[in-house]
Amino acid sequence: MPLAGILGDQQAATVGQVCFAPGEGKNTYGTGNFMLLNTGTEIVRSRSGLLTTPAYQLGDQPCVYALEGSIAVTGSAVQWLRDQLGIISGASESESLARQVDDNGGVYFVPAFSGLFAPYWRSDARGAIVGLSRYNTNAHLARATLEAICYQSRDVAEAMCADSGVELEVLKVDGGVTANELCMQIQADVLGVPVSRPVVSETTALGAAYAAGLSVGFWSDTDELRRNWSEDRRWEPRWDEARREDGYRRWKKAVERTLGWAELED
């Protein structure tokens, strides 16, 4: 049995999402998030807090590179609501609880439990919930947690745009959190671009299979892989530009409140 293909976790997911052209990207939602943007055969050195990584190399073709942004706490923030706060009994309940309110009620949650990863790289940051008033409920906190996943992803997307000069047109998503349809709608709203979930959500395994299949001739080329990929669900943005930018401005303000906390604690 030949060993026909080998890819790292996020690189395999990039292939599984058929991100074969420069400017195409994907976001994998797990306990943390990992977003990769195909930058083609030229190495793009990040000046905005991202990593430059090989994305894939197929046969004797040139290596294709990517910009990568890793986020430490996304799905694990939902687990924190369940395990530490006890306001939900299961991860899926975060969606039904958050749907009880139309917005976050002014609450922003920055889950910097172990510092902030891309694009900030601040080990001195610690988690903060800001904007609380007597009006707020556990539903607002659940909604703010889902929004935190999406705002952190926008932070990375903004950095990718700054480094590559490419505007994101659609975000392909995969991973466990994509089952939360409210979170995916918020992601489209926060980014201002459509969010697309594939039929086959296990894109890491699929990408490894694609690479091996190309190697042994099961598939002829990447165009055939594109035809094999199909969309399960797409979310279109609903927020207007004013709401989108005001929310992101307040998110950035909340992030500032988390910085330097560990140094004060020491």
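The questions below take up a few labels in turn.

Modeller: This is a predicted model, in which local features need pLDDT of at least 70, side-chain atom pairs count only at pLDDT 80 or more, and totals for chains, interfaces and linings use all residues. Residues are numbered from 1 along each chain as its sequence is written, and side-chain values use heavy atoms, with hydrogens and water left out.

Biologist: What is the phi of Val 18?

Modeller: Phi of Val 18 is near 45 degrees, a positive value in a residue other than glycine. Most residues other than glycine have a negative phi.

Biologist: Why is Trp 121 put in its accessibility class?

Modeller: The relative accessibility of Trp 121 is 40%, so Trp 121 counts as partly exposed. Trp 121 also has a positive phi, of about 55 degrees, although it is not a glycine.

Biologist: Which peptide bond is cis?

Modeller: The bond from Ala 118 to Pro 119 is cis, with omega near -5 degrees. Most peptide bonds are trans.

Biologist: What makes a cavity, and how many does the search find?

Modeller: On a 1 Å grid over the protein atoms alone, a cavity is a set of points where a 1.4 Å probe fits but cannot get out; a pocket is an open set with protein on both sides within 12 Å along at least five of seven lines; lining residues have an atom within 4 Å of a point. A search of the whole structure finds 1 cavity of 30 Å³ or more. The largest cavity has a volume of about 60 Å³, and its lining includes Phe 117, Ala 118 and Tyr 120.

Biologist: How do the residues of that lining divide by class?

Modeller: Ala, Val, Leu, Ile, Met, Phe, Trp, Tyr, Cys and Pro count as nonpolar, Asp, Glu, Lys and Arg as charged, and the others, Gly among them, as polar. The lining of the largest cavity has 9 nonpolar, 2 polar and no charged residues.

Biologist: What is the volume of the largest pocket, and what classes line it?

Modeller: The volume of the largest pocket is about 320 Å³. Its lining has 11 nonpolar, 3 polar and 7 charged residues.

Terms used
Grid points are joined across faces, edges and corners, and a volume is the space filled by probe spheres set on the points. Buried means under 20% relative accessible area, exposed over 50%, partly exposed in between (1.4 Å probe, protein chains only).
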